[in-house]
Amino acid sequence: MINRNADNLKEKVLRFIPIDGNDALLTDAEMTEFILDNCEISFKNTNTFFCHTDLVRGNFPQHFSVITSRFNKEFPYIEDEHYNNLIRTNTLQMNIDFGHTCPNWNDVISLGFVGLKKRIEDAAEKAGDDEQKKRFFSASLRQYNAAERFIKRAAQKAEKEGRERIARGLSNLLVAPPSNLFEGFQMILLHYFLQDFTEQTWIRTFGRLDSLLYPFYKESCNAEVHELVAAFLAEINDHGIIENQPLALGGTDKDGKDLTNELSFVFIDEYRKLKPPCVKIHIICAEKPDEEFLKFALDGVREGANSICFFGDRVLRESLLRLGIAEEDTFDYHIDGCYECGGRGELTCPGTGRLSVAKAIELALNSGKDMFTGCRLGLPIEKKPETFEEFYAEFLRQLEYLVESTKKYIGAMETIYPRLHAAPFFTSTFGESVKEGKDVFASFGAKYNNTSICGIGLATAVDSLMAVKKMVYDDKMMSFDELCELMRNNWEGQEKLRITAKNKFPKYGMGDKKVDKYAAELAEKLALMINAVPNEKGGVYRLGLHSITVRWLMGEKLAATPDGRLKGESTSLNTSASFGADREGATGHILSVTEIDATQAPNSVTLDLDLHSSAVKGDNGLHVLYSTLKTYLDRGGFSIHYNVLDTTVLRDAQKNPENYPNLQVRLCGWNELFANLPKEQQDEYIERSEKE
């Protein structure tokens with residue numbers, strides 16, 4: 001899709017910054033209608049199911065300008081010095097999270113466009129004099145009517161350009177739900193376009209496509225199935241989503257039966273052939289999984305199709321139950337974005353709040369002040385800790401203060417959500433929300449209006465605690481003040497000691513129970529501070545322990561830490577060991593991570609496992625891969641993904657990137673082309689490959 005006058009269209013969208021009344025419902029509906037009615041339609045060679053659009057996220061920043069302008073006007077702490085210090089020092093990161101969503105794909109497919117619209121029309125007739133409901137239904141139908149006009153234009157354009165199957169499918173979807181596999185994929189991409197591109201309520205999973213589309217699969221010939229799956233993967237890859245666009249396979253039904261089917265194999269087969277860099281796959285593993293299927297996927301991982309993450313079905317369901325999600329809503333859960341699971345009808349908002357767990361070490365050493373700027377971020381210390389137990393208690397006190405600060409500022413954001421954004425297309429996929437006439441954002445109309453907070457740098461914090469214990473309290477290598485000064489001076493003059501602390505001290509990730517108990521306890525403490533605490537939307541907070549690329553951001557303004565890390569270096573990745581700390585290999589690493597009770601963190605506990613390519617060659621190598629996966633899942637692991645690295649290949653790719661245009665590495669929750677990484681990140685992967 002190319003705008004008739006793209007620059008002019010984008011500029012005109014900015015006029016929607018003013019907010020109509022007390023919420024954004026009608027204003028956002030008018031903006032979405034304007035976009036749908038004022039864009040041209042075109043087709044690329046990669047468009048098998050739907051038209052091309054240049055409205056994808058990064059190419060249409062004006063929509064975000066609207067939300068940002070509203071936020072800057074409404075947020076009560078926008079000029080608060082303490083808030084801004086916490087943000088500027090990368091201690092906390094808060095986001096308006098309208099973009100980690102999973103529509104109810106079952107309703108999208110079973111009802112189709114026409115059924116979703118009719119459900120709104122039927123509910124609107126029953127609204128009576130309820131002004132809030134009438135406002136919601138008016139906005140929703142305004143968007144759906146604009147979408148209907150757009151679909152008709154798209155069908156006409158497709159027919160004119162000889163795209164008869166696209167034209168026929170779109171015309172069919174205007175009068176009935178999808179009736180075959182082609183129309184199933186087409187309906188998914190149609191809703192994706194309407195919600196993600198025009199409404200700008202980003203979709204972060206296509207759901208369990210093997211189960212969702214299986215009825216259509218059974219009525220299709222095998223050759224066409226492979227062709228359509230390959231075309232679907234190519235079309236979503238063409239959108240160029242940097243974080244990769246996910247889909248899920250597998251899972252279990254209410255009786256615990258593995259839902260892996262023939263279509264599951266087709267998706268992995270075509271994914272292995274294409275290796276699309278902007279697509280990732282979530283595989284949900286039953287307690288008694290299909291070994292053949294998992295090995296088929298793992299075989300793809302070791303040959304470079306490695307944007308696959310494996311999840312333990314039982315653990316994910318238990319984490320949702322502990323959070324208070326009703327049992328019937330835990331079976332068809334979704335995995336949103338990178339690793340975050342949510343129950344049916346739940347908004348997880350996994351990117352709303354992030355805090356640096358490792359920063360609490362710095363604050364415990366420096367009486368609550370940032371070592372770079374001297375500004376106060378935490379609590380003053382009344383007296384220096386004389387024992388390790390006292391230092392550990394001080395670390396937890398500073399950490400709890402950061403958690404409470406995060407909740408305070410998130411709460412202030414959430415109170416203004418109704419004036420920032422509305423999402424009728426997204427809301428229309430949830431029958432209960434439509435019945436109540438409540439937008440999921442503008443009226444908190446989801447069944448579970450929850451909010452996630454992620455702790456970043458768990459291993460860095462645990463390893464630093466162990467180093468403080470050893471250097472100051474057990475071996476008395478230096479005083480508390482001397483350690484503070486050493487961290488302030490970035491280990492200057494003590495390089496030998498730094499290397500010893502980095503490479504010889506006890507570390508999380510080695511299977512050392514004395515160390516791992518602190519990781520498990522720290523996760524438990526965070527869970528108690530965060531999980532099930534009420535938020536401002538009528539839901540609760542939920543804990544996550546993944547870092548994604550935020551570890552680089554938070555490491556940039558973190559002082560040196562006692563574990564041997566230098567000032568400005570990245571903190572640890574996800575819930576994995578610090579790089580180089582997993583000296584006991586994959587087994588030790590798995591033992592450490594699974595000491596954490598993963599059911600306490602529904603927003604994920606994730607292990608990144610690095611293996612050298614030589615270790616996974618041949619039949620025995622595939623068995624090694626499967627054994628690591630099975631061990632991790634059997635021990636209660638939440639999610640795991642792999643980097644199969646080869647030092648020689650990575651070094652050559654760094655020197656001669658033109659020879660490796662398709663070489664991918666697993667960055668965190670998504671894949672990235674190795675050639676696109678900055679040198680310091682390339683060097684990190686080379687270093688990780690050398691230790692194997």
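This is a predicted model: local features need pLDDT of at least 70, side-chain atom pairs count only at pLDDT 80 or more; totals for chains, interfaces and linings use all residues.

**Salt bridges**

I started with the total, and the count comes to 45 salt bridges.

I looked up D299 and R302 and found their side chains in a salt bridge, 2.8 Å from N to O. The two are three residues apart in helix α13 (residues 291-302), so about one helical turn separates them. R302 has 24% relative accessibility, so I put it down as partly exposed.

Next I took K447 and D329, whose side chains meet in a salt bridge at 2.7 Å, N to O. This pair links distant parts of the chain, 118 residues apart. I placed K447 in the loop between α18 (431-436) and β9 (448-449), and D329 in the loop between α14 (313-323) and β5 (334-336). Are these two buried or exposed? K447 is partly exposed with a relative accessible area of 38%, whereas D329 is buried at 3%.

Then I checked K513 and E595, and their side chains form a salt bridge of 3.3 Å, N to O. K513 lies in helix α22 (residues 513-530) and E595 in the loop between α24 (585-593) and β12 (606-612), so the bridge ties together parts 82 residues apart in sequence. K513 is exposed, with a relative accessible area of 60%. E595 counts as partly exposed at 29% relative accessibility.

I also noted a network of salt bridges that links E33, D37, R142 and R149.

**Helix α25**

I ran a length check on helix α25 (residues 618-634). Its 17 residues should span 24 Å at 1.5 Å a residue, and the end C-alpha atoms are 24 Å apart, which agrees.

Which residues of α25 are buried? I listed G621, L622, L625, Y626, T628, L629, Y632 and L633. Looking down the axis of α25, I see its buried residues fall within an arc of 150 degrees, so they line one face of the helix. The face turned away from that buried side carries the exposed residues D619 and N620. Just after α25 I found G636 with a positive phi of about 90 degrees.

**Aromatic rings**

I moved on to the rings, and the structure holds 34 aromatic pairs. F185 and F267 make an edge-to-face pair, 6.4 Å centre to centre with 70 degrees between the planes. F185 is in helix α8 (residues 181-198) and F267 in helix α12 (residues 262-274), so this pair ties together parts 82 residues apart in sequence. Both F185 and F267 are buried.

For F265 and F293, the ring centres are 5.2 Å apart and the planes lie at 70 degrees, so I wrote this pair down as edge-to-face. F265 belongs to helix α12 and F293 to helix α13, so parts 28 residues apart in sequence are tied together. F265 is partly exposed, with a relative accessible area of 22%, while F293 is buried at 1% relative accessibility.

I looked for a cluster too, and found one aromatic cluster with F185 and F267 among its members, including also W105, Y192 and F232.

**Charges over rings**

Last, I checked charges sitting over rings. The charged end of R208 sits over the ring of Y333, 4.5 Å from its centre. K470 has its charged end over the ring of F505, 5.6 Å from the centre.

Technical notes:
Residues are numbered from 1 along each chain as its sequence is written. Side-chain values use heavy atoms; hydrogens and water are left out. A salt bridge is a side-chain nitrogen of Lys or Arg within 4 Å of a carboxyl oxygen of Asp or Glu. Helices (H or I, at least four residues) and strands (E, at least two) are DSSP runs, numbered from the N terminus. Buried means under 20% relative accessible area, exposed over 50%, partly exposed in between (1.4 Å probe, protein chains only). The expected span of a helix is 1.5 Å times one less than its number of residues. The arc is that of the directions from the helix axis to the C-beta atoms. Rings of Phe, Tyr and Trp (its six-membered ring) pair if their centres lie within 6.5 Å; planes under 30 degrees apart count as stacked, over 60 as edge-to-face and the rest as tilted. A charge sits over a ring if NZ of Lys or CZ of Arg is within 6 Å of the ring centre and within 35 degrees of the ring normal.
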